[in-house]
Amino acid sequence: MAAVYKSLSKSAKKVEDAEENNNNTTTNGGFRKNKQRVLILSSRGVTYRHRHLLNDLAAMLPHGRKDVKFDSKSKLYQLNELAELYNCNNVMFFEARKGKDLYMWFSKVPNGPTVKFHAQNLHTMEELHFTGNCLKGSRPLLSFDLAFEQEPHYRVIKEVFLQMFGVPQGARKSKPFIDHVMSFSIADGKIWVRNYEIREVEKAKGEKDSEGNDIVPESDKSSSKKRKGAPNAELKDTDVSLVEIGPRFVLTPIIIQEGAFGGPIIYENKRFISPNQVRSELRKAKATRHNARVEQVKERLGKLETLTAQAKKEKDVLDTRELFA
């Protein structure tokens, strides 16, 4: 009995130690750690620009996992199982239609919500040729417009963006540096996404600040501090600016579903017009112009026929053809 009691007490102690270790690893100062992993994949039929945009976003997200193309466009609920297999709780899906249109799905697995966007004005890093640069795998600052707090559906989209693009601290392949800013702005019912580098440049001697005062160079400040008896004090005067590095794109929200790639629709954008409808309206406008020209030609030919028929009926007596017939 003593041996059985000792073995049971040892097993109970091991379970308690494991629970304590889990609590220590999952909590930090009373707050739970932000554990996020993003599954990034696309459908069949994406163009080269869509593929380059996907690669740019995958390079910016060290906590993401890029997968091969997904065959089906109708059975998107299968992405939930795929995310569980790869231990991901976020899915970024690029859906291409007709080799032209790109729809982006942002979903929180397994309980939702899911946001569907129409992506326009895509510009990748390769075609922009911006001068800025940032460290691969560094953590970004996420800057949101104040309009995200005005509407409830924008608040949902903001939370989805925070969990998608916000690199958690201590994530695998992430660097402990913050050297770029991702900006999300709302204008004309669309979300404009930009990426900027945080550039810090030391001010040169003889420059003036915004108030017009002369800037003391760094060497003079350090020497003056040493003379005053503070050898370890350092003052740095730097100019902080933002330089765009790309990629850039515009997202138009279409619907928000309650579940992960399914469930009831809790928001629908009534102002959104699908690109298929826009193209059909343009074709109809061209067709109406063509039909109007055809009708004008028919009307002109009909007038000519009526004039020639009237000329044949009205014969002139003094006409030479009538006199010398």
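## About the model

Residues are numbered from 1 along each chain as its sequence is written, and side-chain values use heavy atoms, with hydrogens and water left out. Because the model is predicted, local features need pLDDT of at least 70 and side-chain atom pairs count only at pLDDT 80 or more, while totals for chains, interfaces and linings use all residues.

## The chain as a whole

Let's start with the overall picture. The chain has 8 helices and 13 strands; these are DSSP runs numbered from the N terminus, with helices being H or I of at least four residues and strands E of at least two. Of its 325 residues, 34% count as buried (buried is under 20% relative accessible area, exposed over 50%, partly exposed in between, with a 1.4 Å probe and protein chains only).

Among contacts between residues at least 6 apart in sequence, 68% join residues at least 24 apart, a contact being heavy atoms within 4.5 Å.

## Helix α5

Helix α5 covers residues 152-165, and its 14 residues should span 20 Å at 1.5 Å a residue; the end C-alpha atoms are 20 Å apart, which agrees. The expected span is 1.5 Å times one less than the number of residues. Buried residues of α5 include Tyr 154, Ile 157, Phe 161 and Phe 165.

## Salt bridges

The structure holds 12 salt bridges (a side-chain nitrogen of Lys or Arg within 4 Å of a carboxyl oxygen of Asp or Glu). In one of them, the side chains of Arg 49 and Glu 127 meet at 3.1 Å, N to O. Arg 49 sits in helix α2 (residues 48-60) and Glu 127 in helix α4 (residues 125-128), so this pair ties together parts that are 78 residues apart in sequence. Arg 49 is partly exposed at 30% relative accessibility, and Glu 127 is partly exposed at 31%.

Lys 270 and Glu 268 also pair, at 3.7 Å from N to O. Salt bridges with shared partners join Arg 194, Glu 244 and Arg 248 into one network. Within it, the closest N and O atoms of Arg 248 and Glu 244 are 2.9 Å apart; Glu 244 is buried at 13%, whereas Arg 248 is partly exposed at 21%.

## A nonpolar patch

Val 297, Leu 301, Leu 304 and Leu 307 form a nonpolar surface patch with about 350 Å² of accessible area together. Patches are made of residues with over 30% relative accessible area and no salt bridge, joining like charges within 9 Å and nonpolar side chains (Val, Leu, Ile, Met, Phe, Trp, Tyr) within 5 Å. Val 297 lies in helix α7 (residues 275-313) and is partly exposed, with a relative accessible area of 38%.

Conventions
Areas by Shrake-Rupley, 256 points an atom, 1.4 Å probe, with all protein chains shown as cover.
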